[in-house]
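Visitor: I have a structure open and would like a guided tour. Could we go through it question by question?
Guide: Gladly, let's bring it up.

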Amino acid sequence: MTNPSPAEHTGDELTDTESLSQPRRELLALAAEVFKEFHPKPGTLHDLPQLTVEPEDMAQVCRLAKEDPRLAVKQLLCLACVDHQEYFELVYILHSLDPEWILAVKTSVPYDAPRLPSVTSVWRAAEWYEQEAHDLFGVTFDGHPNLKPLLLYEGFEGYPGRRDFPFHEYQEF
Amino acid sequence: MADASSETIRSGEPIEMLLNMGPQHPSTHGVFRMVLWVDGEKIVDLEPHIGYLHRGSEKLCEGEQYHQVITLFDRMDYISNFNNELVYCQAVEKLMGLTVPERAEYVRVILCELNRIISHLLYVAAIGLDAGAMTPSLICFRARERVQTVFEAVSGARMMHNYFRVGGLKEDLPENFEDMIGELLPLLRDDVEESDKLLTFNEIFLARMKDVGTISADDALDYGLTGPCLRACGIDYDVRKAEPYSVYDRFDFDIPIGLDGDCWDRHYVRMQEMYESLRIIEQALAQMPSGPVTSSLGRRLIRPPRGDVYVRAENPRGEIGVYLVSDGTDKPYRVKVRPPSFCNLSALKHMVKGAWLADAVVILGSLDIVLGEVDR
């Protein structure tokens with residue numbers, strides 16, 4: 001019942017960009033350069049390059065990522081929302097095709113006022129991702145055209161993605 | 001329908017009608033509902049309604065131990081179970097820094113590619129029925145049954161296998177696996193070829209599929225399309241080539257692409273992918289070494305170190321991504337799945353606008369969605 005031996009990574013190691021492969025480290029440096037007006041914090045998402053920005057800059061960062069020819073991000077692959085109990089962390093996975101790479105951009109919003117600008121004007125894929133995050137976590141995306149329930153039904157109470165949502169209790173439909 | 005008096009109808013003014021389709025409708029491939037605004041036979045607008053199958057899978061993952069989560073992944077995309085199990089296992093393995101024994105990697109690739117073929121065969125069966133062809137579905141289901149018999153011999157279940165483990169497999173292949181698959185592959189190839197011949201270049205099928213539901217490459221990227229739907233637009237992107245996982249870098253295979261991004265191109269890409277999968281399986285069988293199939297981990301309870309990881313893989317429907325957060329306990333802190341069907345379906349609205357009502361069914365069929373994965 002012990003933690004097996006191959007696991008030598010710890011949480012502290014994650015801020016160390018030395019663990020990235022050479023092309024990914026270069027990508028991280030390039031992305032940090034492109035976004036420098038937003039003061040991004042470089043890091044790693046395990047083996048992927050990662051930048052942390054302020055939530056209010058998110059839409060501008062995404063627009064710049066798409067429009068800057070040095071990055072030319074083509075797709076928003078994933079938008080993950082994580083409930084860390086004191087704050088919500090949002091992880092945007094950006095994807096470029098030529099050269100092929102993915103980059104993680106993270107931001108956090110406070111638990112009691114989870115708001116940030118929507119990126120739907122940059123990628124239409126964000127529309128459903130954001131609706132889902134709003135459904136399950138109650139994060140509000142300013143500028144989203146239509147934040148009505150997507151996976152849940154109208155009138156559902158509570159945010160079932162959150163950690164404090166009861167596991168095995170059911171609401172009558 | 002707006003209160004259209006006989007005068008308005010006779011005057012020829014356009015009248016919009018609201019048409020509800022689903023959630024219980026044979027051509028919606030599950031419990032999917034769409035509300036269509038139609039003007040005569042032309043679709044003016046569409047509003048998709050999903051969530052009928054929302055079981056909170058991601059939340060349920062937080063309440064299960066790492067190995068129990070595999071069963072939940074089986075039930076997300078229930079047509080390609082092995083592929084789903086693989087991506088989750090890879091996420092945990094990456095987080096723990098585990099190396100999987102070589103034999104296990106080969107077995108995983110063989111099973112995943114077989115699963116890709118039977119998943120595409122189900123698509124062929126369904127699109128045939130949507131477009132009005134009955135026979136291919138009979139051939140495809142016969143072929144699926146043969147493969148599922150092999151899956152049953154390997155894992156004990158025809159679907160929902162729960163066969164992959166973090167660090168390897170549940171157990172080694174049965175002794176007669178080579179005989180079984182040796183018998184299966186020629187039959188499978190025949191069935192794929194037969195359904196291909198019946199459908200792909202059939203004149204009526206071409207008329208139903210060609211230049212229907214076209215989406216440009218830029219729009220496809222904008223909507224986050226992946227897999228055959230993106231490759232049909234001429235974009236040569238497949239995770240197996242772009243960032244080879246498992247042992248995919250050891251095989252020689254091609255990535256079929258389309259030209260126009262219409263329904264027929266999506267069909268064609270899937271058809272060709274089945275032949276490529278057969279090539280991969282043949283190579284994998286030839287290269288497969290003997291040896292252990294489980295890592296040193298055995299069946300112990302696992303507690304990955306704190307941290308997060310994002311892993312992607314090529315599912316039959318497109319790119320699946322798993323974002324996994326561990327807090328160092330025996331249960332995952334957060335599991336976020338990027339389901340390919342979810343993104344592919346979000347582009348439906350764009351594709352059907354301006355199409356004929358009868359084409360909406362074909363366009364939806366050509367996206368090949370699985371609602372278990374869309375709703376989670």
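Visitor: Let's start with a pairing in chain B. Which residue in E8(B) does Tyr323(B) stand opposite?
Guide: Happy to begin there, and please keep in mind that this is a predicted model. Strand E7 of chain B, residues 318–326, pairs with E8(B) over five bridges in the antiparallel sense. Within E8(B), the residue opposite Tyr323(B) is Lys336(B).

Visitor: In what order do the three strands of that open sheet come?
Guide: The edge strands are E6 (307–315) and E8 (334–338) of chain B, each of which pairs on one side only. Direction ignored, neighbouring strands are turned by 15° against each other on average. The sheet is open and its pairing antiparallel, and the order in chain B is E6-E7-E8.

Visitor: Which helix of chain B packs on the sheet?
Guide: Here we look for a helix that touches E6 and E7 of chain B. Its direction makes about 150° with that of E6(B). The helix, residues 81–96 of chain B, is H4.

Visitor: Now the helices. Are H5(B) and H6(B) roughly parallel or roughly antiparallel to each other?
Guide: H5 covers residues 102–131 of chain B and H6 covers residues 135–155; their axes come within 9 Å and cross at roughly 155°. Angles over 145 degrees count as roughly antiparallel. The relation of H5(B) to H6(B) is therefore roughly antiparallel.

Visitor: How many nonpolar residues does the contact of H5(B) with H6(B) have?
Guide: H5(B) passes H6(B) in a left-handed crossing. The contact includes Leu111(B), Leu114(B) and Ile118(B) of H5(B), with Phe141(B), Val147(B) and Phe151(B) among the residues of H6(B). By class, four of the contact residues are polar and one is charged, while the nonpolar count is 14.

Visitor: At roughly what angle do the axes of H6(B) and H7(B) cross?
Guide: H7 spans residues 177–199 of chain B, and its axis comes within 9 Å of that of H6(B). H6(B) passes H7(B) in a left-handed crossing. The axes cross at roughly 165°.

Visitor: How many charged residues are in the contact of H6(B) with H7(B)?
Guide: Among the residues that meet there are Arg142(B) and Arg146(B) in H6(B), and Asp191(B) and Glu194(B) in H7(B). The contact also has 15 nonpolar and two polar residues. Its charged residues number four.

Visitor: Is H15(B) mostly covered, or mostly open, and how many of its eleven residues are buried?
Guide: H15 runs over residues 357–367 of chain B and is mostly covered. Its buried residues include Asp359(B), Val361(B), Ile363(B) and Leu367(B). After the helix comes Asp368(B), whose phi is positive, near 55°. Of the eleven residues of H15(B), the number buried is nine.

Visitor: Let's move to chain A. In what order do its elements run from the N terminus on?
Guide: Chain A has three helices and seven strands. Of its 173 residues, 50% count as buried. From the N terminus on, the order is α-β-β-α-β-β-β-β-α-β.

Visitor: Which residue in the turn between E3(A) and E4(A) has a positive phi?
Guide: E3 (residues 75–83) of chain A runs antiparallel to E4(A), with eight bridges joining them. In one of these pairings, the partner of Val82(A) is Glu89(A). The two strands form a hairpin with three residues between them, and the one with a positive phi, about 65°, is Gln85(A).

Visitor: And on to E5(A): which residue there is the bridge partner of His95(A)?
Guide: E4, residues 87–96 of chain A, has nine of its ten residues buried, so it is largely enclosed by the rest of the structure. E4(A) pairs with E5 (residues 101–110) of chain A in the antiparallel sense over ten bridges. These two strands form a hairpin with four residues between them. The partner of His95(A) in E5(A) is Ile102(A).

How values were computed:
Residues are numbered from 1 along each chain as its sequence is written. Chains are lettered from A and ligands numbered from 1 in the order in which they are written. This is a predicted model: local features need pLDDT of at least 70, side-chain atom pairs count only at pLDDT 80 or more; totals for chains, interfaces and linings use all residues. Side-chain values use heavy atoms; hydrogens and water are left out. Buried means under 20% relative accessible area, exposed over 50%, partly exposed in between (1.4 Å probe, protein chains only). Two strands pair if DSSP finds at least two bridges between them. Axes are lines fitted to C-alpha atoms, for helices over the stretch in contact, and angles run from 0 to 180 degrees between N-to-C directions. Contact means heavy atoms within 4.5 Å. Angles under 35 degrees count as roughly parallel, over 145 as roughly antiparallel, 65 to 115 as roughly perpendicular and the rest as oblique. A crossing is left-handed if the near helix is turned anticlockwise from the far one by less than a right angle, and right-handed if clockwise. Ala, Val, Leu, Ile, Met, Phe, Trp, Tyr, Cys and Pro count as nonpolar, Asp, Glu, Lys and Arg as charged, and the others, Gly among them, as polar.
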